[in-house]
Amino acid sequence: MADEVDVVVIGLGPGGEEAAGRLAEAGLSVVGVESRLVGGECPYYACVPTKMMVRAAGLIAEAGRVPGMAGEASVRPDWGPVAARIRDEATDAWDDKVAADRLTGRGVRLARGQGRITGPREVTVEGRVFQARRGIVLNTGTSPTAPPVDGLAGTPYWTNREAVQAAEAPGSLLVLGGGVVGVEMAQVFSRFDSRVTVVEAADRLLVNEEPESSALLREVFEREGIGVRTGVNVTRVAHDGTEFTVHLGDEALAADRLLVATGRRPNLGGLGLGAVGLDESARRISVDGHMRAAAGVWAIGDITGMGAFTHVSMYQAAVAVRDILGQEGSPAAYRAVPRVTFTDPEIASVGLTEAQARDQNLPVRTAVAPIPESTRGWIHKAGNDGFVKLVEDIEWGTLVGATAAGPSGGEVLGLLAVAVHTETPTAALREMIYAYPTFHRAVESALADLAAQARGE
């Protein structure tokens, strides 16, 4: 017989865990279903451990900036403390007991195994059937995927999951993919003395960001000794038991390790979407502003295609919870989704890029203020690469997008995210007082440039 509950949450990544916990705390009977680790990709293989890696690599870089600024310094990179911190502090050796106990402590029943929708408001987990009176929340996330390159399958290549579990930094590393994961990992391992080359099929790194961001990162990478190959296609991969060889047409690159960071696929296979009238072959689940995907079904997180970010999943979880509980609240809005690539310099953006705005036929003008030319950039001197770029809708006089590339770019972005989200007039932003001397004063310089353009100067 079916076990009757109020809500079944399939997939306990950050959004799913939060939705399940909040619904249980509201007095509902909730079952959370997870086939892997409670907490999802973020705490075990992505956000948390990778930022520990970035932090460690950043310390090495800062030590290298001491000469000429504060005396002399030398540093010997050692991956051991990084691996230990990831294992012991971040992941408990990839054991989710703490997360599982946290979830059940909020009143959620945990069902281990693969969840499948077997009927309207019905989920089956390893033979156990749950009937959900209010409905089902889907939060199954994504998994790393590899391109169909000849010879790649069956080789011991890394994805982000293997990279964060590395016991030591490889002598050499080839990175396939110049997106967020690829560039972050490339710089981290390079700073731990790995010889690194990034291979990207597109004509630039971070192809979804501003061209200025791509150019800046390439310049920094090449200065640091990271090889960058863009606009090239991998035709074949070989592994001889010791070394990888990646063929780029007539050219071949060799390395001890190969990191494949070319994309992710949504975990929708075998979920039983057809049982509730959804397309089982779809690349994402379409939802309305309240995260409803079908009658009695809500979807949140990466599978909705609205941004593969933990903060988007958590935001969507709050929207779905309100709807399930019948509470008032605004529908989901995505005009000001922030995103940060944690390289050095950080590449932080919100809203639309200039190209995306023009593709939507928005009348825009842009301004770029270089960080090194700002007072704080001049003071900072070493490691001061970066800029602030603003994308203004001329008709409305508001920002529709912005990029803060540079030291603490992700923190500077907060101001710009508020401006885009609230549609604050750029005239009002120009009237603000900006603390001196801070990195975010470059925003003031870019705003002044926009005003000058408006005056025809």
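Biologist: Which residues is tryptophan 79 in contact with, leaving aside its neighbours within four places in sequence?

Modeller: Tryptophan 79 touches Met53, Ala166, Ala167, Glu168, Ala169, Val188, Phe189 and Phe192, where contact means heavy atoms within 4.5 Å. This is a predicted model, where local features need pLDDT of at least 70 and side-chain atom pairs count only at pLDDT 80 or more, while totals for chains, interfaces and linings use all residues. Residues are numbered from 1 along each chain as its sequence is written, and side-chain values use heavy atoms, with hydrogens and water left out.

Biologist: How many residues has the largest nonpolar core?

Modeller: That core has 64 residues, and Trp79 is one of those with the most contacts inside it, along with Val7, Val30, Met53, Phe189, Phe192 and Phe221. A nonpolar core here is a set of buried Ala, Val, Leu, Ile, Met, Phe, Trp, Tyr and Cys residues joined through side-chain atoms within 4.5 Å. Buried means under 20% relative accessible area, exposed over 50%, partly exposed in between (1.4 Å probe, protein chains only). A second, separate core of 25 residues includes Ala367, Ile371, Ala446 and Leu450.

Biologist: Glutamate 210, buried or exposed?

Modeller: Glutamate 210 counts as buried because its relative accessibility is 2%. Glutamate 210 sits in the loop between β9 (195-200) and α8 (211-223); helices (H or I, at least four residues) and strands (E, at least two) are DSSP runs, numbered from the N terminus.

Biologist: What is glutamate 210 in contact with, neighbours within four places in sequence aside?

Modeller: Arg204, Thr353, Glu354, Lys389, Val391 and Thr403.

Biologist: Switching to helices. At what angle do α1 and α5 pack?

Modeller: About 30 degrees, with the axes of α1 (residues 14-25) and α5 (residues 97-105) 9 Å apart. So α1 is roughly parallel to α5; that label covers angles under 35 degrees, with over 145 roughly antiparallel, 65 to 115 roughly perpendicular and the rest oblique. Axes are lines fitted to C-alpha atoms, for helices over the stretch in contact, and angles run from 0 to 180 degrees between N-to-C directions.

Biologist: Which residues meet there?

Modeller: Glu17, Ala20 and Gly21 in α1 meet Ala99, Arg102 and Leu103 in α5.

Biologist: And what is the strand order in the open sheet of 3 strands?

Modeller: β11-β12-β13, with antiparallel pairing; two strands pair if DSSP finds at least two bridges between them. β11 (236-239) and β13 (251-255) are at the edges with a single partner strand each, so one side of each lacks a neighbour in the sheet. The twist averages 20 degrees from one strand to the next.

Biologist: How many bridges join β12 and β13?

Modeller: Strand β12 (residues 244-248) pairs with β13 over 5 bridges. Leucine 248 has glutamate 251 in β13 as its bridge partner.
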